[in-house]
Amino acid sequence: MKKMKLVMVGNGMAGVRTLEEMLKLTPDMYDITVFGAEPYPNYNRIMLSPVLAGEQEIQDIILNDLDWYAQHNITLHLGKKVVRIDRRNKLVYAEDGTMAEYDRLLLTTGSNPFILPVPGKELEGVIGYRDIHDTNAMIDAAEKYKHAVVIGGGLLGLEAANGLALRGMDVTVVHIMPWLMERQLDKDSAGMLQASLETKGLKFLLEKQTQELVGGADGRVTAIRFKDGSEIPADLVVMAVGIRPNTALAESAGIYCNRGIVVNDTMQTYDPSIYAVGECVSHRGTAYGLVAPLFDMGKVCANHLARMGIARYQGSVTSTKLKVTGIDLFSAGDFTGNEKTEEIVLHDAAGGVYKKLVLQNDKLVGAVMYGDTKDGSWYFQMIRDGKNVAEIRDHLLFGQSHLGNTGHQGQSSAAAMPDEMEVCGCNGVCKGSIVKAIKAQGLFTLEEVRKHTKASASCGSCTGLVEQILASTVGGAYTPQLNATKPMCGCTELTHEEVRKAISQEKLLSIPQVMQFLSWTTPNGCASCRPALNYYVLCAHPRVARDDPQSRFINERAHGNIQKDGTFSVIPRMWGGTTTAAQLRRIADVADKYNISAIKVTGGQRIDLLGIKKEDLPKVWGDLDMPSGHAYAKALRTVKTCVGSEWCRFGVQDSTQLGIALEEALWKMYAPHKVKIAVSGCPRNCAESGIKDVGVIGVESGWEIYVAGNGGIKTEVAQFMVKVKTSAEVLEYAGAFLQLYREEARYLDRTVHYVERVGLDYVKQRVVEDAANRKELYGRLQFALQDEKDPWAKENINQREFETLTV
Amino acid sequence: MDNWHQVTTLEDIPLLGSRVVVTEQGDIALFRTGESEVFALYDQCPHKGGPLSQGIVHGKKVTCPLHGWNIGLEDGQAVAPDVGCARKVDSKVVGGHVFLKL
């Protein structure tokens with residue numbers, strides 16, 4: 001079959017991203033031709049400000065070099081402006097007469113800077129700020145001239161002004177409105193911004209309207225005159241008063257435009273063969289000027305060009321971050337407010353911190369922050385997710401709790417960190433290398449940064465910091481992934497929830513069935529989705545679905561914890577942290593027999609035998625003659641206890657006995673992640689119940705149950721769920737809570753993440769208030785556990801897993 | 001001079017799984033893909049020496065169990081952006097018997 005022809009007019013970020021997305025879906029569907037009016041391949045336009053500021057060179061901001069176009073067999077016409085579209089014959093013509101035929105045409109003509117229609121606008125030294133050409137003109141002017149005037153106190157104008165000042169010019173920013181960045185900031189935060197820019201040497205003239213630009217004999221601008229008659233000298237005038245979608249070509253071809261090329265939710269114009277994305281587009285009446293929405297459009301458009309036909313673009317919420325070194329400013333959503341909204345404000349003028357949150361119907365709809373923007377991504381995520389914040393409203397303004405986030409010297413603000421400071425303590429990545437990778441590799445998402453630098457790719461505790469660094473480096477181009485629509489992994493577009501729903505409703509009993517029914521894009525998944533699917537299938541259809549050991553991580557296949565040298569550790573179960581002299585003797589004998597040099601008491605009140613060869617594991621288990629401690633599994637680990645009322649002079653309840661009962665009832669329970677339980681016999685809480693997935697505390701009149709605590713990566717204090725009278729009730733409530741978590745959490749989410757997502761109120765509703773539902777949940781858990789076997793018992797061992805071959 | 005040695009049968013390598021062959025030159029990981037193709041690599045991840053044989057096999061790749069690097073089974077090359085190579089061993093399947101060239 002003959003290949004279809006795709007022609008793209010415009011060679012900017014939105015267009016090339018669309019091509020990249022499309023090539024991922026269908027590498028061979030089209031012969032592709034690209035026309036670019038500029039003489040450069042696709043470059044990172046948002047990095048022009050750092051180039052102007054002298055922090056980067058042009059060659060550093062090229063995103064797709066010429067080799068990329070060649071590799072994908074793309075015919076590239078640089079420096080050729082397309083001037084005519086012949087829609088009837090499906091042809092486009094460039095200025096120099098170059099002609100190309102299309103079956104599909106993609107218009108990505110971007111936008112033009114708006115030039116004020118004042119006398120003198122055509123004088124030399126009067127420019128917009130849009131591309132490499134403008135940037136070079138400014139750099140040249142800075143070398144030769146003294147006085148610069150930037151018209152427009154918005155994002156772009158301030159970045160231009162800052163760059164020119166850094167290059168030694170005397171810069172005045174002229175703005176028609178009463179305060180700077182009025183579309184992104186309110187009056188208070190704008191005042192703080194202005195003050196700190198003034199300390200950097202910038203001057204401001206607010207509420208000033210330009211009358212005309214005055215020229216000298218040589219045809220170059222010399223001054224700017226205002227409506228009020230005043231005048232200041234100017235050798236360079238940068239107009240940064242906004243952009244206008246570049247629709248000239250589309251309009252000349254008779255394609256419907258209305259402040260942008262009008263497209264539907266599939267990015268199709270009124271001509272069905274012609275698509276458009278980027279700043280030239282008007283979608284549902286809105287034209288976007290930030291990169292993140294343009295990438296969203298590109299993804300949708302690629303999907304339709306590839307004839308998949310399932311994606312829709314429904315508009316974007318945008319955020320802004322000013323890329324001026326040393327100034328921390330963030331805004332997102334609708335922060336101006338109206339009669340239906342409420343505001344929470346913190347204003348510390350002396351400390352230079354300002355935060356405003358705008359809420360409507362218990363949801364966050366907008367945020368402005370100045371001076372301390374470390375929680376910007378967190379707020380933005382909540383705005384995008386439409387999360388109900390009623391429960392956390394009282395401490396919302398103070399940001400995300402960073403309690404116990406370790407591995408980066410207690411830092412929670414990326415801006416305050418020097419380049420050489422370590423951000424990711426797991427992989428030893430410092431701030432400078434992250435910034436460098438973002439700029440050099442053209443990274444825009446957290447996933448991309450993780451892939452290229454490994455920062456936050458292991459334990460993830462520094463994710464917030466990495467997001468901040470990303471946001472401040474790429475500015476408005478950064479958008480956190482929408483939580484509710486985040487795909488499971490690269491093998492599917494579906495979310496965890498959608499996959500789980502299909503597994504249970506369609507009675508999908510095996511991983512291949514799931515992958516076939518849900519059209520997985522890979523033949524057998526990846527190391528990320530396979531263990532998740534295996535768990536989901538088993539959880540939805542207990543005692544019916546068959547386990548697939550090849551889809552389990554090695555620890556759950558070998559029933560030991562793999563160590564850095566490839567040996568395994570063995571931790572036998574000690575019910576409620578209790579043991580006997582006979583068990584200890586057997587452990588000692590095993591240690592001698594297998595030359596185990598490292599024996600360690602764990603934090604979960606058990607004994608860890610380290611350095612055991614895989615082939616010895618079944619023999620070690622046999623000699624120990626103790627059940628598996630599941631210390632390697634996404635399953636119930638340990639129930640930690642204090643000695644309780646039987647011995648302790650303060651104890652009011654028998655915590656050891658309850659701990660043993662809980663462990664006996666729940667051991668062998670697999671879950672989305674590991675589960676830890678503790679029982680303390682009095683509120684002194686010696687078993688540390690406050691940081692466990694389920695923490696039980698004995699009081700004179702019964703037991704208090706706390707849930708969703710965490711002691712690891714994200715230290716989080718458990719929240720009170722309910723108080724009950726008897727041990728039997730503790731079992732039922734704890735079991736029901738854990739079954740809810742098992743059925744609804746995403747694989748690898750701990751209870752803390754799950755409860756943060758659904759809210760404690762929801763959990764209480766399902767487990768505490770609805771008694772019938774609680775009994776059903778607990779019943780389902782008991783049913784699922786009936787068939788689970790001890791993986792260390794001789795009859796359950798798959799010998800082949802542990803046998804090696806020889807030549 | 002390298003010769004072909006029979007080490008096991010196709011059936012004795014689990015589908016999407018692996019076996020370890022102990023040799024004088026070191027352990028060799030023998031993989032079987034979902035389509036029953038067989039590949040062999042020295043059992044050391046180019047990153048930090050993790051035992052590739054213990055990883056999850058998907059497509060024609062294996063994910064190292066220690067730090068999650070993906071290694072191509074056909075050539076032992078790490079999947080970008082990671083860089084490194086595990087040494088490859090020639091293998092073949094004849095009549096259900098698996099041979100290594102050693």
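## A helix crossing in chain A

In which hand, left-handed or right-handed, does α20(A) pass α22(A)? In this predicted model, the crossing of α20(A) with α22(A) is right-handed. Helix α20 of chain A covers residues 727-744, and helix α22 of chain A covers residues 760-769. Their axes come within 10 Å and cross at roughly 130°.

## Where chain B meets chain A

Now to the contact between the chains: chain B brings 25 residues to it and chain A brings 19. On the side of chain B, the elements giving two or more residues are β1 (4-9), β2 (17-23) and β5 (56-58). The largest share, 6 residues, comes from β2(B). By class, this side of chain B has 13 nonpolar, 11 polar and 1 charged residues.

Strand β2(B) also pairs with strand β37 of chain A, residues 805-806. The two strands run in the parallel sense and are joined over 2 bridges. In one of these strands, β2(B), V22(B) is the bridge partner of T806(A).

## Domains of chain A

Chain A is divided into domain 1 (4-110 + 245-305), domain 2 (126-241), domain 3 (487-552), domain 4 (553-633) and domain 5 (634-791). Taken over C-alpha atoms, the centres of domain 2 and domain 3 of chain A are separated by 57 Å.

Definitions and conventions: Residues numbered from 1 in each chain as written. Chains lettered and ligands numbered in written order. Predicted model: local features only at pLDDT ≥ 70, side-chain atom pairs only at ≥ 80, totals over all residues. Domains from an automatic or database assignment. Contact = placed C-beta atoms within 7 Å. Helix = DSSP H or I, 4+ residues; strand = E, 2+ residues; numbered from the N terminus. Nonpolar A, V, L, I, M, F, W, Y, C, P; charged D, E, K, R; others polar. Pairing = 2+ DSSP bridges. Axes fitted to C-alpha atoms, helices over the stretch in contact; angles between N-to-C directions. Left-handed = near helix turned anticlockwise from the far one by under 90°.
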